[in-house]
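Let's take a walk through this structure and see which side chains hide and which ones pair up. Have a look at it before reading on.

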Amino acid sequence: MGKKSDTTVFLLDRIKAPDLLGRNAKKAGETPKVAFGTCNADGNTLNLTLLSDELGGLSKKTRAFLTLAKLPMKVCILDAQGNLIEQDGEDADAEGDTAETQAPDPLQAKWEQLKSTVEPKILQFLKTSTGDVSKIRAAWTYAVRIGDEETDYAGAIKVAKRVIQSMTAADQQPEEAPAPIDLNEKKWQIGSAKFEPVLKKAIEAGRIDGGKANVAWVKAVAEADARNFEMALKIIKALSGQIQAGSTAEPETRQTDAPADKEKYEQERARIAPILATALKRDAAQFAKPKKIYAQAVTRAEAGEYPIALKALAMIEQELVSAGATPAGLDPGPIGRETAKRVRDIWDAACTQANGQIESLRKELAGFPDPNCQILADNGLTGFSDNLYTRLNAAFLGLDAANEDKLPNAKAEAQSIFDEMGQFLNTNEAIQIMDGNDLNVSMTLAETLGGAVEQMKQALSTS
């Protein structure tokens, strides 16, 4: 169902299943409101039998759509048992008495009565209030639109009651002098949004102690929540310096955030350790440096610092190859690393853009008590994706570690999770709600992330 009659999508097919047509209409339409079922025409009357949930105002919206298409008909909405739910329009042989015989919509009457009662109070409140009334103004505008234009009377009544509650709460709060502008707050809002993904990548790359950095970041967020923005910015500055230096000032035990790193380390260690042992038997003095690096790698792994341990094992491999130790059994190593980097770079770029959009939407959604809104506000997209993001990262790691024998299986696994991610982005209702939000926040999650998935598939097929 469109926001207006001329944007409504109406699909008919003699063969395709109703629910399939419903999904196609929902995908093509501008709102998530959709109904599907069967239909038949009886003279000048179009009977629509619902196989989906009821949708308020469907008969009126459908009749308006047909009228625009120069097909004026009476529209009757029936349930699956053939019982009349609602109707709109006149019979072909009626003589203008439809208005007298058709029962009025009780929700419409309730909405119109509620609107006439509270609208003057709301407009007066918006005019005289000295506080921030932007959310109340937006909510009331939304209620009037869906009630008067979209005939969603139940939704309009619900939003109107929420507006009244917000007005009552605002009236009960004592007036406060406007808070002075805090420049550090603006710096935090801009700087934290840009710094968080940088910090995450630095932890993954082993350039900073993950455990210590995470504790510091949590503290920075807490300071900002307490409006101590100056301290929060100092913590960001300190973390930035540590990232540039490549390590923290005081090494401490670090626990990896990715269990896949531990598995990859164990695989690499099991591959390189016997080759190093054979090389040491052949010439202990020549391979003393790789032996020392190996001991450091083991120590790092025991401390949970698997990314650094993996780098150390890679250094050992280079030392062995340069020293001519390949006859001892060193294989060519992972050849999927370049492919992994290509697809990961595509995904990271899309996520950076999507995360910026989600952050803008979170601030608006946080004020709504609806559970789905709270999930989106607290967790963003990952709140609805189960373990899909974790499996996607595991696929990246699998490609990165794959040698010539394992690369086909790693690519097949990556292709499977790419397909699953694409399906999730195309069908998930949370994404559709965010992309079609009524809060004037521009969202293109399905297009941005879905486009990245298609690019990753292409990169995978050509590698």
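This is a predicted model: local features need pLDDT of at least 70, side-chain atom pairs count only at pLDDT 80 or more; totals for chains, interfaces and linings use all residues.

Let's begin with arginine 300, which is partly exposed at 33% relative accessibility. Here, buried means under 20% relative accessible area, exposed means over 50%, and partly exposed is in between (1.4 Å probe, protein chains only). The side chain of arginine 300 meets that of glutamate 305 in a salt bridge, at 2.5 Å from N to O.

Residues are numbered from 1 along each chain as its sequence is written, and side-chain values use heavy atoms, with hydrogens and water left out.

**Charged pairs**

Side chains of opposite charge can pair when their charged atoms come close. The rule used here for a salt bridge is a side-chain nitrogen of Lys or Arg within 4 Å of a carboxyl oxygen of Asp or Glu. How many salt bridges does this rule give? The count comes to 19. Here are some of them:

| Salt bridge | N to O distance |
|---|---|
| Arginine 23 and aspartate 19 | 3.7 Å |
| Glutamate 305 and arginine 300 | 2.5 Å |
| Arginine 344 and aspartate 348 | 3.1 Å |

Arginine 344 and aspartate 348 both sit in helix 13, four residues apart, or about one turn of the helix. (Helices are DSSP runs of H or I with at least four residues, strands are runs of E with at least two, and both are numbered from the N terminus.) Arginine 344 is partly exposed, with a relative accessible area of 21%, whereas aspartate 348 counts as buried at 19%.

Salt bridges can also link up: Lys33, Arg145, Glu150 and Asp152 are joined in a network of them.

Arginine 23 is exposed at 51% relative accessibility, while aspartate 19 is partly exposed at 35%.

Which residues of helix 1 are buried? In this helix, residues 18–28, they are Leu21, Gly22 and Ala25. They cover an arc of only 105° around the axis, so they are on the same side of helix 1; the arc is that of the directions from the helix axis to the C-beta atoms. On the other side, Arg23 and Lys27 are exposed.

**The nonpolar cores**

In soluble globular proteins, nonpolar side chains tend to be buried together. A nonpolar core is a set of buried Ala, Val, Leu, Ile, Met, Phe, Trp, Tyr and Cys residues joined through side-chain atoms within 4.5 Å. The largest one has 35 residues, and Trp347, Leu399, Phe418, Met421, Leu449 and Met456 have the most contacts inside it. Helices 13, 15, 16, 17 and 18 each give two or more residues to this core, and helix 13 gives the most, with nine residues. Apart from it lies another core of 20 residues, among them Phe125, Ile136, Ile146 and Tyr153.

Zoom in on leucine 399: beyond its neighbours within four places in sequence, its contacts (heavy atoms within 4.5 Å) include Val343, Leu407, Ala414 and Leu460.

**What about cysteines?**

A search of the whole structure finds zero disulfides, a disulfide being a pair of cysteine sulfur atoms within 2.5 Å. Cysteine 76 is buried, with a relative accessible area of 7%, and cysteine 351 is buried too, at 15%.
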